[in-house]
Amino acid sequence: MNKIAASPLSPGRLTVLASLLASLSVSALAASPDIVISQVYGAGGNGSGATVATYKHDFIELFNRSGAAVDIGDWSVQYASSTGSSWQVTRIPAGTRIEPGQYFLIREAAGAAAVPDTPSDLNGSIPMAGAAGKVALVRNGTALSGTKPTGATVVDLVGYGSGTNGFEGDAPTASIGNTSSAARASDGCQDSDQNGVDFSVGPVAPRTSASPRNMCSAGEPVAAPIVASCPAGLQVQQGSGGSALLSASDKDSIVNNAVIVSGAAPGISLSGLAPAGAIGASASVTLQVDAAAAAGSYPVKVSFTNNDSQEQSCTVAVSVAGQLSIPQIQGSGPASPYAGTVQSTEGVVTAKLGSSLFVQDPVGDGDPTTSDGIYVFNSNAALVTGINPGDRVRVSGKVTEYRPSGANRTYTELTEIAQVTKLASGQSVTPTNIVLPNADLARYEGMLVRFVSDLTVNQNKYLGDRGELTLAYGRRENPTNRYPAGSPEAAALAQENAANEVVLDDGIFTAPAVIPYLGEDNTVRAGDTVTGLTGVLDYGSIGGGGAAFKLQPTEAPQFSRSNPRPAAPSLPAGVKVASANVLNFFTTFTNGGDAWGRTGQGCTIGSRTAASECRGADNMTEFVRQRNQIVASLKSLDADVVGLMEIQNNGDVAVGYLVEQLNAAIGQPVYAAVPAPAATGTDAIRVAMIYKPAVVSLVGGALSDGDRINNRPPMAQTFKAGNGAKFSVIVNHFKSKASCGGATGGDLDPGNGQGCWDTTRVNQATRLADVFIPQVVQAAGDPDVLVIGDMNAYAFENPINLLTGKGLVNQIERFVRPQGMPYSYVFDGQAGYLDHALASASLSAQVAGAAEWHNNADEPEHIDYNLGDTVQDPYRENAYRASDHDPVVVSLDLTAPYADVTASVKVTQGGLTMNRATLRYSGKVSFTNTTAATLSGPLHFVLQGLTEGVSLDGASGTHDGAPYLTLPETSIAPGASVSVTVTFSNPSKKAIGYTPKLFSGSF
């Protein structure tokens, strides 16, 4: 800001102007520029718990540091974001004035936290950012413009927080927070026009006009401080020495001396002091580091003084670099023995990523426990201009142990790079051959390596946004997919998996503009392989959290489509029942639109309906893409009954729409929706079923279990096949493993692979086995039950073990495991199946086959229907990546409830006689068992092709349009005979004819 500085009379000061100011009447309103912003707080009402804000409102505090009252009426305080150019205004009412030493607090917007209100003199409504922003005191109420406004109307400008681009002086204040504000030094008196110097961050302490006054230097403006200009650091090579120029100035005095007050060491000194030649001029001095200075880090504090006995100091981080080989820097332990020191080293550049380098000692030290390579982290592109792979370089920097977010180890690298010197070109390093599994990749960190065996893609979830593929030797199975959770075998497999991983990166540390490693069909599938992988071994954060060893390739990886996209499974003949997750298929979109073009729509969870409760497609464009993929998948699956998970819970609207679209794609009305049961749950999604009426028919209505343990109730439907056999399908969607908020006790993640909510899933499984399945069996009058769906539990986790322990038979283990690893889902680079097919014992004997269709889980997430996730859009309309789960298909070779045993008997038909009184015809038919085995009943005599117009009196029913009589005998022993009398009504007196058939069983 523009201010007038003065103090008690002393040599060298601006005494004439100071005396003039002192002569002014204190009671007169002055046009003084000495109103300053003395405190800023932007996190009012933010946070909660231990980090809740101190006060409820943001505020801007003003202070009169002069000796006269100042009229600030019709002025304003204004705010802009840290990098913004649009300013919000709070006007100060006419007639407002601030007395000498008085504060004036302007309260702005409030946050939500229940904390004390901010005291105030004036209330505004500007919502200020909590950590960084800009505030200005302006002589009028006109909104400013630009990121760093200047001019006569700007009385004071304060930029607070890291990254702010508008401030006085060389830097903004430090960042503030929920419990801290930026306050001007000397209780508001200090003003050197340097926000970074004048303000410090500390506890929030708002002051108003009622607060005790603070007179600056007995009512006169305060003396300006010394402003020092020093480099943050000075790095030199041991044996070479170096220097840096330091300077200081004072706008109202003369800086005339400089001394080292702390941090000095032999060989470090000041030389060539040049005092300031005039008031406001700069003094300079050279900080000298001799060649003989010992290697190490030295925080050298230099104090400048002036002719008014003021003092200001600055600290220069002096680093004297030693000379070590890369293996010496790396060391054989988990961390470098030289961490925190500055060192110089030499090696050949094996890779250049942005402005950073991988450098390797081409010879090494022959010690397999020490790495020969190191990562040089550098953000100064000028230092590596002209440096390329194959150059031999000398690098000086600080040895740092970098720990990526979520990592359980550190990574040795050089940072704070002082110099990179090219020594030679055309050098080479031979890649070191390594294999997976490998429990000690740390010995190769930073080195150029080649994997000698083919590696298999195990995860591609983060390919689109990070350019990453998780690789391993072969496919890795989730431990609880093969062994019970918590078992020694599961723990051993988890340890084996952890040692069998490397992440292939794309050599850049930002989202790729072009998704790497995709084949011509716009995919790279889990299960595909890469040969001769060569690159530098990095270590860092990975997609999904945590950290891993990452290979930055130096040669283009060569992929093979070892896991081609499969066609839908072909199973033995039978009724096909499938389980298919449709990945949040909603006919209502998150933008409030819907599949019919309406707007202002919403989705319901419990009693709340809003567009924000919708999942799945954001708009019509995404929806069409999603719908077409799901339809293509279901059409190819061609199952007779399909259980659906993750479809919108809006009655039969979404499932009905899906059936319409599926039938349109097929070209005829093949499918119908099973009407929703009474209870469909309180979640935004539900389970549903569709079926082919030409293949199976509904028996009764759908059932569900609305018990409170099931927020997505299981749904059951009984079907009858063409041969009369009945079976029931129960579709499930158990509680997810993730979203752990609110979990307690046994629902907390036990760390054994089962994730959160295991107790809830076990309770859901118990309810299913003990209550709902018996209810379904009783309603159907048939024990044949198939339990399908996303159980959110792998094959040998507690919920599945409970269900199989109660007699259900796992068809995936029975049919898929013998052919290879079963899986329907890939998570964290490991495969397993969450989607199950469990049959009752009676139905298991009728299962002809089961299979998984790997059209989804092996595909990259970023080829799905979503838009805007990546710069490139690799979507293609087909049946692949229609969901994140693979469908499961089961073929049922259902045993008919009856059998034709006519061939096992001799049929004797007696003649018919007419009863003249009733005009009915009667006769006897006998059946003799001609086999050596007993014919078991119930037994039914069917009269096929009975003459038209003739009816059988007392018929037990009809079978395939023919009347039948149930024999009173329940069985016929070998050689034995049974007889039955038949009576016909024959009003037209036609010749009565039919073909006798005998069936055993139930119609």
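Helix 7 gives the most to the lining of the largest cavity, with four residues. Helices here are DSSP runs of H or I with at least four residues, strands are runs of E with at least two, and both are numbered from the N terminus.

This is a predicted model, where local features need pLDDT of at least 70, side-chain atom pairs count only at pLDDT 80 or more, and totals for chains, interfaces and linings use all residues. Residues are numbered from 1 along each chain as its sequence is written, and side-chain values use heavy atoms, without hydrogens and water.

**Cavities**

A cavity is a set of points, on a 1 Å grid over the protein atoms alone, where a 1.4 Å probe fits but cannot get out; lining residues have an atom within 4 Å of a point. Volume is the space filled by probe spheres set on the points, which are joined across faces, edges and corners. The count is three cavities of 30 Å³ or more.

| Cavity | Volume | Lining residues include |
|---|---|---|
| Largest | about 70 Å³ | Ala580, Ile630, His885 |

The largest cavity's lining has seven nonpolar, five polar and no charged residues. Nonpolar means Ala, Val, Leu, Ile, Met, Phe, Trp, Tyr, Cys and Pro; charged means Asp, Glu, Lys and Arg; the others, Gly among them, are polar.

**Strand 61**

Strands pair if DSSP finds at least two bridges between them. Strand 61 (residues 977-985) pairs antiparallel with strand 54 (residues 920-929) over nine bridges. There, lysine 924 stands opposite threonine 981. Strand 57 (residues 951-952) also runs antiparallel to strand 61, joined by two bridges. Serine 951 has serine 985 as its bridge partner.

Methods: 1 Å grid on protein atoms, 1.4 Å probe; cavity = no way out; pocket = protein on both sides within 12 Å on 5 of 7 lines; lining within 4 Å.
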